[in-house]
Amino acid sequence: MKQRTVLVVLFDGVQSLDATGPMEVFAGASRSPGVSYDLRTASLDGGPVRSTGGLTLMPDSRLADAPAPHTLLVPGGHGTRAPLPELTAWLREHAPSARRLVSVCTGALLLARAGLLDGHRATTHWSYCEQLARDYPDVRVEPEPIFVRDGKLATSAGVTAGIDLALALVEEDHGPDIALNVARHLVMFLRRPGNQAQFSAQLSARTARREPLREVQHWITQHPDADLGVEALAARARLSPRHFARAFRSETGTTPGRYVDRVRLEHARRLLEDTEDGVERVARASGYGTPEAMRRAFVKALATAPAEYRRRFGVLAPSAVPATAGPRAD
């Protein structure tokens, strides 16, 4: 049996779920025959650390005494805002020797501070992507995906995205069946595609200040199958198309077209997840008109076709059906 050591770095101000979420995935996988992850935690001095949620976590050892890991995982949390020069120095010296280097949420800031993301594609929590790109221009920041793989480097967005990434790593190591069993045990979907957007259109875009533009945003959300061209939307806002497009982008941070694209994609995803409506009906209800147009939008945004998306995440998806055998959830 090949054993892989997973070393999780702990520090004051760590987000506990960033650490424990992936650890539960690896621990769950280790219950399967032929799978073994040796889970270790370590802090700089080996002493207890205080998480952002108030939990006290006791590491297994000092970082200096920790075994060389196959997978080195750096979680996020408010503590990543501090300089932490000793931790940065340790990461700079030891992280390159790991077979896999993983960060969750703002753990990417620690890796960037150590120079480990230079020249690589990476992501982090949506609210820190701009800071990561500004402070570390040599990092190719991708703000949309929930996780990004670039060689042996894997970075993810916040909290639950770390669990998605850990499932992807288990699948890489041991195949989809093991990862599926873990997902079932944790009562979660297997697995969100890495390039799925971190946030919905409504949450990722700002709410417009002016009432006519807010009304248009609400109209788009409620009527994805309507005519949502700039001319039609501008007429609803009682503005010229040019003025409307400029004002919409200024107040929401995105163009009308991109906002419409996201709303329609999310509407189609919800119908595929929660209903048994046919693909043609979903396409019409979501404003795509034809299944082919919807397929192109899904492949572009999620790198998967609608039928495959439904197979993974729909009401009848395997991960949504209780396992007939296996360990009890308790």
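The predicted protein contains 14 helices and 11 strands. Of its 330 residues, 48% count as buried.

The buried residues of α1 are Ser16, Asp18, Ala19, Gly21, Pro22, Val25, Phe26, Gly28 and Ala29. The elements that cover these buried residues include the strands β1 (3-9), β2 (36-43), β6 (71-74) and β7 (100-104), together with the helices α5 (160-174) and α6 (176-185).

Two packed helices are described by the angle between their axes and by the distance between the axes. For α1 and α5, the axes come within 8 Å and cross at roughly 30°. Because angles under 35 degrees count as roughly parallel, α1 is described as roughly parallel to α5. The crossing in which α1 passes α5 is right-handed. On the side of α1, the contact involves Gly21, Pro22, Val25, Phe26 and Ala29, which meet Gly162, Ile163, Ala166, Leu167, Leu169 and Val170 in α5. When the residues of this contact between α1 and α5 are divided by class, 9 are nonpolar and 2 are polar, while none is charged.

A second pair is formed by helix α8 (residues 211-222) and helix α9 (residues 230-237), which pack at an angle of about 130° with their axes 9 Å apart. The two helices, α8 and α9, are therefore oblique to each other. As α8 passes α9, the crossing is right-handed. The contact is made by Pro212, Leu213, Val216, Trp219 and Ile220 on the α8 side, and by Leu233, Arg236 and Ala237 on the α9 side. By class, the contact of α8 with α9 has 7 nonpolar residues and 1 charged residue, with no polar residues.

Positive phi values in residues other than glycine were also examined. Cys105 has a phi near 55°, a positive value in a residue that is not glycine, and is found in the loop between β7 and α3 (107-113). The relative accessible area of Cys105 is 10%, and because buried means under 20%, Cys105 is classed as buried. Ala303 likewise has a positive phi, near 60°, in a residue other than glycine, and lies in the loop between α13 (291-302) and α14 (306-313). With a relative accessible area of 56%, however, Ala303 is exposed.

Helix α13 also contains Met294, which counts as buried at 0% relative accessibility. When residues up to four places away in sequence are not counted, Met294 touches Ala268, Val279, Val282, Ala283, Tyr288 and Pro306. Of these, Pro306 is 12 residues from Met294 along the chain, and the C-alpha atoms of Met294 and Pro306 are separated by 7.5 Å.

Methods. Residues numbered from 1 in each chain as written. Predicted model: local features only at pLDDT ≥ 70, side-chain atom pairs only at ≥ 80, totals over all residues. Heavy atoms only, no water. Axes fitted to C-alpha atoms, helices over the stretch in contact; angles between N-to-C directions. Helix = DSSP H or I, 4+ residues; strand = E, 2+ residues; numbered from the N terminus. Parallel < 35°, antiparallel > 145°, perpendicular 65-115°, else oblique. Left-handed = near helix turned anticlockwise from the far one by under 90°. Contact = heavy atoms within 4.5 Å. Nonpolar A, V, L, I, M, F, W, Y, C, P; charged D, E, K, R; others polar. Buried < 20%, exposed > 50% of the residue type's maximum accessible area, 1.4 Å probe, protein only.
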